[in-house]
Amino acid sequence: MKKKEIVINNLNDYLKFLKKLKYYKTFFYYNTCFINKNNTNIQDINYIIEALNIKNRRKRINYIYTKSCKIIDDKFKDINICGFKNNKCYTQRKLKKKSCNGCCRKCLYQTNKGCSTKNLACKLFNCSEVKKRYDVVTYNNLKLLKVLSFKNQYIVRSDLFSKEEDVLKDLYTYTFTYAHIRIVYRLIRNYIYRKLKNKS
C-alpha cells in the first residue's frame, strides 16, 4: 500500500497539525509519512514528526523518552540548577536542614556523581526555589510528549525515583492498571529499603 503524505508548509499548517495530533498518533495513520517543509524555527515539530514516522510502538516510545531527557539535559548542561554546595541544595541551605542531596535524598539511584539513571519524571520535577531562579522545562513545554498515549503521559509525570529500564517497561505495557501496580510496588519497595538502610 502506497504511503500517504501529510506536509507542513508553514506556521498555520503547524498549528493545525498540533490540533490533530491526537488523531495522527493512532493506527489510522500507520501508512502516513509526515513531512516538514516549514521554514519557521520550531524545533518541536521536527521531533514530533520524527516520532510519528517511527511506526514501531516500542521504538517510538524509546525515541520520545530519550529525546525528551536530552532536551532537558542540553538546556541545563554545566548548570548547577539545584544550587548544590556541600551536597545541600538551595532549599536545604535556606532552611538549614540536616538532610543532603535535595529531592534526590529519597532515591535509591543517587550517587556522589549525581543520578545513575535517566528518569524523565524526575527531570520534569523542580521545586519552587529552582522555578524562581530558572526558566525550567515543564511537561507543557515538551510538545513531543503529546505523541504518547494518555496512559503514558501520566507515567512520565508520575514515575519518580525509578530507573530508566523500569520506566520504559511501564511505558511499554498496554494497561494502566498493570503499570500502576508496578509503580506502587517500587515505591513501597524503595520505602522499605530506605528504612532498613537508615536503621543499619
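The dialogue below goes from the overall layout to helix packing, backbone angles and pockets.

Q: What kind of model is this, and how many helices and strands does the chain have?

A: This is a predicted model. The chain has 10 helices and 4 strands.

Q: How are two packed helices described?

A: By the angle between their axes and the distance between the axes. Take helix 1 (residues 11-19) and helix 3 (residues 43-52): they pack at about 50°, and their axes are 12 Å apart. That angle makes helix 1 oblique to helix 3. The crossing of helix 1 past helix 3 is left-handed.

Q: Which residues make the contact between helix 1 and helix 3?

A: Helix 1 brings Y14, F17 and L18. Helix 3 brings D44, I45, I48, I49 and L52. By class, this contact of helix 1 with helix 3 holds 7 nonpolar residues, no polar ones and 1 charged.

Q: At what angle do helix 3 and helix 4 cross?

A: Roughly 160°, with the axes coming within 9 Å. Angles over 145 degrees count as roughly antiparallel, and that makes helix 3 roughly antiparallel to helix 4. Helix 3 passes helix 4 in a right-handed crossing.

Q: Which residues of helix 3 and helix 4 are in contact?

A: From helix 3, Y47, E50, A51 and L52. From helix 4, R60, Y63, I64, K67 and I71. The classes in the contact of helix 3 with helix 4 are 6 nonpolar, no polar and 3 charged. Note L52 of helix 3: it is in the contact with helix 1 and also in the contact with helix 4.

Q: What should I look for in the backbone angles?

A: Most residues other than glycine have a negative phi. N87 has a positive phi, near 70°. K96 is not a glycine either, and its phi is positive at about 55°.

Q: Where do N87 and K96 sit?

A: Both are in loops. N87 lies in the loop between helix 4 and helix 5. K96 lies in the loop between helix 5 and strand 3.

Q: What is the volume of the largest pocket, and which residues are closest to its centre?

A: Start with volume, then go to the lining. The volume of the largest pocket is about 1,300 Å³. It is lined by 40 residues, and I81, C82, F84, C104 and C115 are the closest to its centre. Two or more lining residues come from each of helix 4 (57-75), helix 5 (90-94), strand 3 (110-111), strand 4 (114-115) and helix 6 (120-124). The lining of the largest pocket has 19 nonpolar, 14 polar and 7 charged residues.

Q: What lines the second largest pocket?

A: The second largest pocket holds about 430 Å³ of space. Its lining has 19 residues, with K25, T26, R57, R60 and V147 nearest the centre. Helix 4 and helix 8 (150-158) each supply at least two of the lining residues. Helix 4 gives the most, with 4 residues. By class, this lining of the second largest pocket has 9 nonpolar, 5 polar and 5 charged residues.

Methods. Residues are numbered from 1 along each chain as its sequence is written. This is a predicted model: local features need pLDDT of at least 70, side-chain atom pairs count only at pLDDT 80 or more; totals for chains, interfaces and linings use all residues. Side-chain values use heavy atoms; hydrogens and water are left out. On a 1 Å grid over the protein atoms alone, a cavity is a set of points where a 1.4 Å probe fits but cannot get out, and a pocket is an open set with protein on both sides within 12 Å along at least five of seven lines; lining residues have an atom within 4 Å of a point. Grid points are joined across faces, edges and corners, and a volume is the space filled by probe spheres set on the points. Ala, Val, Leu, Ile, Met, Phe, Trp, Tyr, Cys and Pro count as nonpolar, Asp, Glu, Lys and Arg as charged, and the others, Gly among them, as polar. Axes are lines fitted to C-alpha atoms, for helices over the stretch in contact, and angles run from 0 to 180 degrees between N-to-C directions. Angles under 35 degrees count as roughly parallel, over 145 as roughly antiparallel, 65 to 115 as roughly perpendicular and the rest as oblique. A crossing is left-handed if the near helix is turned anticlockwise from the far one by less than a right angle, and right-handed if clockwise. Contact means heavy atoms within 4.5 Å.
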